[in-house]
Amino acid sequence: MKLTDSSASPFVRKTKVVLHETGLTDSVALVPVQTTPLKTATEVAVANPLGKIPALMRDDAPALYDSRVICRYLDHHAQAGLYPEARLWDVLTLEATGDGIMDAAVSATYETRLRGPEAVSQDWIDAQYTKINNAIDALEARWMSHLHGPLDMGQISVACALGYVDFRHAGLDWRTGRASLAAWYSTFSERPSMLATVPEG
Ligand SMILES: N[C@@H](CCC(=O)N[C@@H](CS)C(=O)NCC(=O)O)C(=O)O
């Protein structure tokens with residue numbers, strides 16, 4: 001199998017963390033790509049008609065895309081238990097919260113990096129930052145007990161989302177007023193799977 005790879009993408013990072021956590025790194029070759037909404041890389045368009053990464057190219061079956069589908073597929077493949085039945089709906093909601101932070105943060109990145117200075121909308125960026133801040137407040141207020149539980153897909157998504165906020169939007173200073181989440185993240189970031197996938201670029 002092959003995975004479209006970009007070190008900066010938090011969605012790709014999710015899937016790579018899952019590869020590490022499930023022991024599947026040797027089963028998937030990484031294919032580095034450079035793609036943006038304004039210029040889709042050819043290999044990305046071939047694997048995913050939506051032109052987004054990650055996509056997982058399987059050997060004898062159609063490519064899978066959207067990080068949620070890929071992560072669930074890899075978990076199923078490895079029987080790793082990242083979606084425990086007993087708390088499935090919480091895990092999926094927590095994963096959606098992490099993914100939503102990524103969506104908002106990536107949108108704010110595109111706004112600043114892909115549009116000319118005259119076209120950048122500060123209102124748009126502020127609206128994305130509001131979503132990120134509200135979601136991080138919710139994590140601090142309601143999800144700490146779950147985050148401290150056994151490893152699951154929700155935790156991986158949240159950690160990759162916070163890592164991306166640090167990477168591209170450090171000015172948000174998300175740790176201030178969220179001491180519990182900051183402490184959890186500091187410990188989680190030391191996992192070998194997280195250390196092996198730190199974003200660059
Ligand atoms: N819901 C998708 C989001 C993926 C996504 O937005 N990836 C970004 C890179 S971080 C991308 O491919 N952007 C290019 C584009 O939107 O055309 C997933 O979870 O895989």
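Good morning, everyone. One caution before we start. This is a predicted model.

Let's begin with the overall layout. The chain is divided into two domains. Domain 1 covers residues 2-78, and domain 2 covers 85-191. How far apart do the C-alpha centres of domain 1 and domain 2 lie? They lie 20 Å apart.

The two domains touch. On the domain 1 side, 13 residues are in contact, and they meet 13 residues of domain 2. Which helices supply that side of domain 1? Both α1 and α3, which is 67-78, supply at least two residues each. The most comes from α1, with seven residues. What is the mix by class? The side of domain 1 that touches domain 2 has seven nonpolar residues, five charged and one polar.

Now the sheet. Four strands form an open sheet. Read across, the order is β2-β1-β3-β4. The pairing is mixed. Which strands stand at the edges? They are β2, residues 29-32, and β4, residues 64-65. Each has a single partner strand, so one side of each is left without a neighbour in the sheet.

Let's look at one pair in that sheet. Strand β1 is residues 2-5, and strand β3 is residues 55-57. They pair in the antiparallel sense, over two bridges.

On to the helices. Two packed helices are described by the angle between their axes and the distance between the axes.

Pair one is α1 with α3. The axes come within 9 Å and cross at roughly 5 degrees. An angle under 35 degrees counts as roughly parallel, and α1 and α3 are therefore roughly parallel to each other. From α1, the contact uses F11, K14, T15, V18, L19 and T22. From α3, it uses S67, I70, C71, L74, D75 and A78. By class, the contact of α1 with α3 has seven nonpolar, three polar and two charged residues.

Pair two is α1 with α7. Helix α1 is residues 10-22, and helix α7 is residues 153-168. They pack at an angle of about 135 degrees, with their axes 9 Å apart. Are they parallel or oblique? That angle makes α1 and α7 oblique to each other. Their crossing is right-handed. On α1, the residues in contact are P10, R13, K14, V17 and V18. On α7, they are I156, S157, C160, A161, G163 and Y164. The contact of α1 with α7 divides into seven nonpolar, two polar and two charged residues.

Helix α4 is residues 88-114. The angle is about 15 degrees, and the axes are 7 Å apart. So α4 and α7 are roughly parallel to each other. The crossing is left-handed. Among the α4 residues in the contact are V91, L94, I101, M102 and A105. On the α7 side, the list includes M153, V158, Y164 and V165. By class, the contact of α4 with α7 has eleven nonpolar, five polar and four charged residues.

One last pointer, for your own look at the structure. Thank you.

Definitions and conventions: Residues numbered from 1 in each chain as written. Predicted model: local features only at pLDDT ≥ 70, side-chain atom pairs only at ≥ 80, totals over all residues. Axes fitted to C-alpha atoms, helices over the stretch in contact; angles between N-to-C directions. Parallel < 35°, antiparallel > 145°, perpendicular 65-115°, else oblique. Left-handed = near helix turned anticlockwise from the far one by under 90°. Contact = placed C-beta atoms within 7 Å. Nonpolar A, V, L, I, M, F, W, Y, C, P; charged D, E, K, R; others polar. Domains from an automatic or database assignment. Pairing = 2+ DSSP bridges.
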